[in-house]
Amino acid sequence: MSLPPLPPESYYDPKKLDKIFAFVAIALLLSLIALFAKDYSRPWKDYQRQFHALEIEKARVKLDQLQLDLSNNEEHQRVLKDLKAAQVNLRQQSSQQEAINRQMRAAEIIQKIHTKESQFAKAQYGALKYRYEKAVHEFSPDAAQLKSQWDALAANIENLRLSIESDDTSIKSANDALALLQKDVKELEKQRAGFAKKGEIIEHRLKKIDPMRMSAANQLADMVRDLPFLELANPNYKIRQIVLKDIPEDVNFMRAQRVDRCTTCHLGIDNPDFVNAPQPLTAHPHPELFMSKNSPHPLDQFGCTTCHRGRGRGTDFISAAHTPQDEEQKTKWEKKYGWVELHHWDQPMLPASLTQAGCFKCHENQTVIKTAEKLNLGLHLIERGGCYNCHTIKKYQGWSKSGPNLEFIASKSTKEWAYHWIDDPKSIRPNTWMPSFFHQTNTSDPLSMKRSQQEIHSIVEYLFANSKPFALDSAVPSGDAKKGKELAASLGCLACHNVGAQPGLDEGPQGRGGHAEPVRTRDSLRREFGPSLVGLGSKTTLNWLYQWLKDPTKYHPDTRMPSLRLSDQEAADIAAYLIQDKSPIVDKPIPVVDDKVLDGIVLDFLKKSSMVSESESKVKKMSRQDKLVFAGKRLIREYGCYGCHQIPGFENEKPVGTELTEEGSKDVERLDFGFVNIEHNKEAWFKQKLMNPRIFDQGRVLEPLDKAKMPNFDFTPQEAEVITTALMGFVKDRPSPSKMADQGVKAAFINEGAKTIRQLNCQACHIIDGEGGGIQSTVTDKSFSPPNLFAEGQKVQPQWLFEFLHAPTPIRPWLQVRMPTYNFHASQINSIIKYFNYLDNQEFPFTDIYHPLLSSEELTAAQKMFSKDYFDCTHCHIVGNKLPAGTPDNWAPNFALAAKRLKPEWIVKWITNPQDFLSGTKMPTYYDPKNFDASAPGDILGGDAKRQIRVLRDYLLTISEHPLQVKQAVSAPEKAEDKTLDIHAR
Amino acid sequence: METIKHFINTIAAPKILFNIVVLSYLIIFPPFKFFQKIHDALGVRRLWTKKGGMAIFSLMFLAFAFGLTDGNFRLIVLKPDNVPIVALLFLVVFFVWLALHQAQDNDDAIAKGGKPKEWAESREKVLVFPDLVYIEFIALMIVAALLVVWAIGLPAPLEQAANPTVSPNPSKAPWYFLGLQEMLVYFDPWIAGVVFPTVILLGLMCIPYMDKNRKGLGYYTYQDRKTAINIFMFFWLVLWMFLISIGTFLRGPNWNFFGPFEYWDHNKLEALNNINLSELVYMIWLNQGLPSNILWREAPGFLILIVYFGLLPAILAKTIFKDLYARMGVVRYSIFAVLFLMALTLPIKMYLRWLFNIKYIVAIPEFFFNI
């Protein structure tokens, strides 16, 4: 075999290699160009271009509009005309001006020469001083000569100073003369500038952004500044970001400063000019609250993701973790932006429907978060539903249990009633807040139904077997149900309780299982504060009811039910009325106790802690009663009944539910979606769980004790959504204290008081802080409803308020509605007092000691004003035990209370203009606010309105319960004598 | 269609799939006469012709295309992270085919009394420049362009800040370590994570010192280096590439096995009741309790280890590796045998686990010593 010949040159064909090289080089170049192109073309740049164009357009339009307005503005035209005339006038006096100017210039030159000379002299002065001092020190013979030179120099400096000052004077006088000459022009010029200011600002801005108005150099720069590579210097289109150090992001065991780049695309978010611009350039829909500089949440202080969540560093639609709020929006986004869910981001943006959840983390301490209505309703539902009883929520620590006390249940109800009630509370009382534990989707198979029956038997048996004795008065006066009905309606019971249909809810289907649901509002929730009284007759006895109405605290010391100070007869009447309403369900037969099923329940519990054989022998030894009580106790623990009710034997149990304090930050992986086909996110899970708490057991094979146990509140989809809003707000990450709402002691006191007011449901009757007063709809005449407590802190003295809340005494005895006596703790009363006072910006200790001081002249004046001839105060107001003449709907509070009750400053403000405090009040406005002094009666105290009001106030403060002085002044109708009222009977 | 998918899912179960792979391997690279006969009967050598190569690749592409019609398959295979592994599957097959294709040509030539192709080429001279440098530069540019295009098309999947309380499920090692991670299923961490990687590196270093065979230097051949290629290919293809592919495509949440068309359900549960050898011997076979003495308790395991590492090399030297022993000498042979047997413990333990649920041969948790 012969060797192949060695190749003469290279092994490969170089030409071919060159070709390949060329091809590959081009491919590489193209790939690199593609790389830069991809890096350069970002979606946000398109938005910024759009915005830029829109901004220029808007500025141009605005400028044109302004100029048009100015040209149509007569005042402006006049100024321009005058200015022109003045300028012409000034030009005519040019010779004069020239002369002054010449004079001034000459004076200035001379002054400059003098100043120079003075500077030289001063320098020499210092040097000479040193030489002189040195000569004196060395006993030099030159000393005397130096001294005389020095003195001469000092005199020279003094002279120069005088010359400079006189030069000043001549310059100033020349200046003044010139100013006088130009005065008109300058003044008009100023006016013209005032008109043109707005336009100039826009013009200035336009010069920066509008290529049409730029200088040539800027135009060139504008063209190239956004080109690739060059853009790193100072581009038009760049990522904009807001860095927030004090609202950090929680990055798992660490906090990182929040960086929001949302404004890279949402460029007009803080600019009201862009309200109607398309997304993403549009302005925030609520500029008065967010983003704008004067709002409480300016953009540079709060950013965007603080409230909305999402990925602040994201600069495109998907990477910012936008979340669609419904299916429709989702499909729209998928089409428009190619939206996909951003995995790997634990806190995606809140869907628009839940945005208010973002408020909670800073406003946690507030009872009502103003304008966050959805969140407020959610929190209110959580409160009324008593979610915090089973699920610890930090905000609600220390709140009282939601359900009635069951420690003495045997004295109140029967086992039959209790069985039916636990079995299906809504069949007895469709509008009850007691949730349903049984007949749920995971306990509806025949086997579970049987088990449920025995479980209910066990629970009832435990409750009644452990019920403590409670003595009831046997003697109940016979009551009149008809009268009772009237009393219940007039005394104010209906503020918190409802008898019959749901309060505040329009005619809707009874029962809340259906779909066409009446809508709950915070107002309606306040009116559902106490339990519904439907079917009360089947629940309890007349005796118990009578006793309860007389003194609720006797049965349940911690109850929120206040005493209405009912007389025996009143209590008997109301009891007779309420006991009439009986539920037919309670008469239905109850399934019998089935020992086999019961044994199974008991065994299930026993086997958890002991051996099977041991458990079985134990069960055999137990009597039926033992089994029921044993199973009952275990079941109450399983279901957590003690969360809402006081039950003997469960005083120190921990709540059964998951803690919800940081539920909104929970990882979605920790939620069990089972086989339920919904979106895998927190909000969908919460909503589903709230609408049907047992749904996630669907399709699972579970032992009875492993099943979901949360009871069903039959929330409507809307209610589930508002509660979800609140739940999503319960998050882990907190801003630094400087960003929390309500800083400072005053705010803390206001929050504390608002909480007490919420807990006692004061707003069911009173309008406080602009909210509440739902009772008005049950009161026939608005003037008979409980008072609006607007500016209560300005109005009443704290000492009086304390005493009043502690033991109310009627102020408006003609009202049927009664202010109840609450079982207040002193700290609660104080919190309410502080609430009212701090709400009205009163300073601690909220009151000054004031002694009315009247001269005899003033006393006479006061009495005169008080009389029928002038203000006729007693026409409406009660004085001591004297009643006014008219019908009670025109009566007004007793003057005798004023000294103790009212703050002196408030009386002045009140008399000055009552409508300021209470628009629509019947108190007449004696002094016209628009024409204050002139409206005062001229013949009293020289017509000095301020003094009149002060005197009137001081006079009122002297009125005691036996107004001796008043008698002289007041010419009350004779019949008034008979109309005395026994105030203290009520 | 669903039946086919179901069938593939079924045979993807490790017990079956591993057997199929091992069997295929034995037929393709027959170490014994028995398999050689099957190899010949099936005409496996036709695979290494150009037509065979076309057939292999057509089949692979067809299978891949078929798989892509399924949503679950797409979900896993097209994940940006997994793209390199898909490429790896094709590349490995291609290069194995290429090597064996050339080897077969050479072997045929040698069998006819000729010389391998490289023999002629080795006489030629090739200039470093332009021949080598130029084509290297071109290759470099091609790879650079490829990487750039890849990076544009499938950007790196950036995730959020790590949360130490939430582990991703499944938690997977980088793809090149997935073989090691798979070993963790069968061995104690100190063996799978420390001893084996060390031994693998040492063993690879040892190869040039143990393999004195000068045949096959400088040219592709199979027949002249049969034993070496067979052994290497087993560990390379079956115990490394195959395990990486399994780890990437078939190990899902909770490290459970999922067929290629199966949905990765986080709730899937598999019964995993494993026992130790000592428990098998004493409790199941002898029907008595475990001895309290640790050594006595683990005696069966130790016995097996002594037999495996002490006697087996000697037996092998007298039987299968007779020629090898003669060629290598005592020292080389001993080192080779120990390394070989150690490597073989992996498939052995895989079989023990799958067929007998055996967890450890020697289990002394008291001293964290488990084999």
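Which residue forms a salt bridge with Glu719(A)? Select Glu719(A) and look for Arg520(A), whose closest approach between N and O atoms is 3.2 Å; a salt bridge here is a side-chain nitrogen of Lys or Arg within 4 Å of a carboxyl oxygen of Asp or Glu. The pair links distant parts of chain A, 199 residues apart, with Glu719(A) in helix 27 (residues 717–729) and Arg520(A) in the loop between helix 17 (481–491) and helix 18 (522–527). Helices (H or I, at least four residues) and strands (E, at least two) are DSSP runs, numbered from the N terminus. Both Glu719(A) and Arg520(A) are buried, where buried means under 20% relative accessible area, exposed means over 50%, and partly exposed lies in between (1.4 Å probe, protein chains only).

Before going on, note that this is a predicted model, in which local features need pLDDT of at least 70 and side-chain atom pairs count only at pLDDT 80 or more, while totals for chains, interfaces and linings use all residues. Residues are numbered from 1 along each chain as its sequence is written, chains are lettered from A and ligands numbered from 1 in the order in which they are written, and side-chain values use heavy atoms, with hydrogens and water left out.

**Further salt bridges in chain A**

Over all chains the structure holds 57 salt bridges. Select Arg60(A) and Asp210(A) next, a salt bridge with its closest N and O atoms 2.8 Å apart. Arg60(A) belongs to helix 2 (residues 43–72) and Asp210(A) to the loop between helix 5 (143–209) and helix 6 (216–224), both of chain A, so this pair ties together parts that are 150 residues apart in sequence. Arg60(A) is partly exposed, at 31% relative accessibility, whereas Asp210(A) is buried, at 0%.

Then move to helix 5 of chain A, where Lys172(A) and Asp176(A) are 4 residues apart and thus separated by about one helical turn. Their side chains meet in a salt bridge at 4.0 Å, N to O. Lys172(A) counts as exposed at 55% relative accessibility, and Asp176(A) as partly exposed at 44%.

**A hairpin in chain A**

Display strand 1 (residues 242–250) and strand 2 (residues 255–260) of chain A, which pair in the antiparallel sense over 5 bridges; two strands pair if DSSP finds at least two bridges between them. Glu249(A) has Ala256(A), in strand 2, as its bridge partner. The hairpin has 4 residues between the strands, and Asn252(A) takes a positive phi near 60°.

**The interface of chains A and B**

Finally, colour the two chains separately and select the 29 residues of chain B that are in contact with 29 residues of chain A, contact meaning heavy atoms within 4.5 Å. The area buried between the chains is about 2,700 Å², of which carbon and sulfur atoms give 72%; buried area is the accessible area (1.4 Å probe) that two parts lose on being put together, summed over both. On the chain B side, Tyr134(B), Ile152(B) and Gln160(B) lose the most area to chain A, together 22% of what that side buries. Across this interface the rule finds 0 salt bridges. Helix 7 (117–121) and helix 8 (128–153) of chain B each supply at least two residues of the side that touches chain A, and helix 8 gives the most, with 13 residues.
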